[in-house]
Every structure is written in structure tokens, then in C-alpha cells.
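Visitor: Could you walk me through how to read the pockets of a model? I'd like the general idea and then the case at hand.

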Amino acid sequence: MSKISLVDSVIFRLLGDECITYLGNSGDTHLLDSISAAIINEVKENPLSKDVLFNILSKNFESDDDIELSLCLDSYILELSSLGILNMEN
Amino acid sequence: MSQFELRNRLADGLRFKVGNVHISISSTIPEVVEHFEALYCSYELLDKSEFIDFYIQVLAPSIFRRFFRPQVNFSFDGFFPFKPLPYSQAAAMFEWGLNWCITTHSHQYLMIHSSIVEKNGEILILPGASGKGKSTLCAALVCSGWRLYSDEMALIAIENGKIFAVPRPISLKNQSLNIIQNFSNDVVFGSTVTNTAKGDLAFMKVPEQSLEGISGDAIPSKIIFPFYKGKSATHFQAVSKGTAFMQMIENSFNYNALGKTGFEVLSKIIENCDCFNLTYDSLEEAVSGINRLGEK
């Protein structure tokens, strides 16, 4: 199963429930919401599979709807990958 | 210093310091002499052995241009970065040119387009583009007991996040001139410069208390984004640190040039500050609101 990790050149700061990231490769800075902040914070040290990440986030955000959360997580991972913040490792 | 002595020193190259910035200015233009006599008489002079950061000249471009549609030129280290301006704008050209010198050559700092004031050790950053009411609010705060660190830019040391004072005359434009004259009887202005690209403007003298011990540095504790809106109620609204971070980037002169260092310095500043948007019409209400915030 593929694992999700933080791109090496990305640094970030959690500011309240938001997150600011700096991408060393492009020089871009992004302001991200609380879900993105939680994802980045969980994968900052060790790559995690989507299932593990899902379990952690479902506890953090107390979601009643697993399908909705799973779709939401897919969408966030895709977005953060396209920004150059997350890697998908096989 | 007498006007005669000032005129001679300006012709020869007057050396003075503003905070940590050492400047040499040469000019024989009467408007520049008057500008210095009115607004710079309390600044510390430097002798010839001191290192100078910026060698500036404000001169007429040619003898012909002293008489026919007279113009003035700004030179920095013998380089002319700008087209000439009308002669009557010589003093303003010095101030604008010095802003350019500092913001293009001081990358040991993260530089934010903002006013900075201090009271009882508390530093406020008031970022904002031209026209937002930043300088007017800054002038009102300075007239109300706050000490001026800078009207135009925050110089934040990249190694420790401390702000260095550069207390130069406050640039006020158009209706702000009357507003501040009505706000305080103690305010001193230089000559009004008319028909500039920004309208009519004048520079307000920095009170002497702001120049005492100005080499000190300090960590800011609040960031307030001012927005003047006519006929609006005075309103402070807390801003998330993330949003404030992005607004600070928008107002930075060199965040992108500093790369990762800029990110880390700005992170430290934001983590330490409470952040607000301030919409105001009444200066009195805005100043008293800021005073109350400072007491909390």
C-alpha cells in the first residue's frame, strides 16, 4: 500500500488550527486549513498509509460519516500532492 | 547648528544616523536645506571616520535645468536610479530615495511596509499599503505618547526577530495633513510639497523622545492592519495568525528574496503577536482602542 509523506524541502508551522507551509523547491508559501494542518502534522516524521491516516483523523475530527471523511481525505491528499507538499510513496 | 553651517555641511556631505542607518547627504538645494533645518536638527551627526551605508546626492541635473522647468536628481553612490522630478519636490525626493536605498540594500532584515510604534516596551506593527491610513494613524499615535520606531518600514533582524528603529519624518498626504494638525497642537511639519504623484504632502517632525536611545531593539507583541474607511465605526477584529502571516507577506519588501529565512523570521514574529484588523474613521477612537489593547 502506498504511503503518504511530507516532501523533504517543505517546512511548516502550526498557527492555531491553521498551518503555514514553505516549499523550499519553489519558494511558495501556502496557508492551509485545519484538516491539511492535521494531515501534515501526522506525516511530518514518518510516512503513513492512507488507512492509518484515516483512522487518526476520524478520531481527531469525530466524524460520523466514514465515507464522507474518506472522500474528503482523498481530495486533501490530492490537493496537497499537487501543491508539492505531500509525496505518495509506493 | 545655524542655517549657514547646515548649508555648508550639506554642500560638503552631511553625515548623520537614523537608528543603525548611517547616511551622507550632499545638496545645495534650498528646499533640502530647509527640510533638514526643520526636521533633522535633532539627529546624531557622524564624523568622517564613521562608516556610511548610503552616500546620497540631491542635485540639479544641469545648469540649464536650474532655470528652465527646473528639475532635481537623486543619486546613490553616483548611480541615478530615478528620472528627475520637479525642483520643488527635492526634499520629498530625498525621503523617497532613502526609502529605496534602505529597502533595496538591507537584506540583513526582513522588511515589512509598515509603521512601528512603541509604548512601555510594547511594540506595535501597523502594516499596510499606501492609502490605507497607516501613516495618519501612526502620526496620531506618536502625538498621543507612542514612540516612533518607523513610519515606513519594519526592519526585523533575521537572526533574532528584533525590530530596529528607523524614526524618520512621517509622510502625510492631502487631507491627512489637516487631520493631524487638528489632532495635535504640538505637531511640526516641514514645507508642503504640492502636485507630487501622490498629491500634496508634508513631512511631520519626529518628537525628540523618539530619538533618545533609538539604537535599541525590541520584539513586537501586536500586529494591527489599519484600514481608514470614512463614516465607519471603529472596529477591531481579531485575525487568525495564518491570515496575518499572509497579509504580512503581501506587505513585505523582501520576503521572497530571503526564502526559507524569511519564512522562519516571520513565523517567530507571528507566533509572538496578537493580530487584528482595525477599521476606523475617528482617529481619537482608534488611538484610544489601541491604548486599551495595549493595557490587556
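Visitor: How do the residues of the lining of the largest pocket divide into nonpolar, polar and charged?

Guide: Rolling a probe the size of a water molecule over the atoms shows where empty space is left. A pocket is an open set of points on a 1 Å grid over the protein atoms alone, where a 1.4 Å probe fits, with protein on both sides within 12 Å along at least five of seven lines; lining residues have an atom within 4 Å of a point. Here the lining splits into 16 nonpolar, 14 polar and 10 charged residues (Ala, Val, Leu, Ile, Met, Phe, Trp, Tyr, Cys and Pro are nonpolar, Asp, Glu, Lys and Arg charged, the others, Gly among them, polar). This is a predicted model, where local features need pLDDT of at least 70, side-chain atom pairs count only at pLDDT 80 or more, and totals for chains, interfaces and linings use all residues. Residues count from 1 along each chain as its sequence is written, chains are lettered from A and ligands numbered from 1 in the order written, and side-chain values use heavy atoms, leaving out hydrogens and water.

Visitor: Where does the largest pocket lie?

Guide: Domain 1 (3-105) and domain 2 (109-295) of chain B both contribute lining residues, so the largest pocket lies between them; the bounds come from an automatic or database domain assignment.

Visitor: And which residues line the second largest pocket?

Guide: Among them are B:Lys132, B:Phe225, B:Phe227 and B:Glu250. By class, that lining has 5 nonpolar, 5 polar and 2 charged residues. The second largest pocket holds about 200 Å³ of space, the largest about 820 Å³ (the space filled by probe spheres set on the points, joined across faces, edges and corners).
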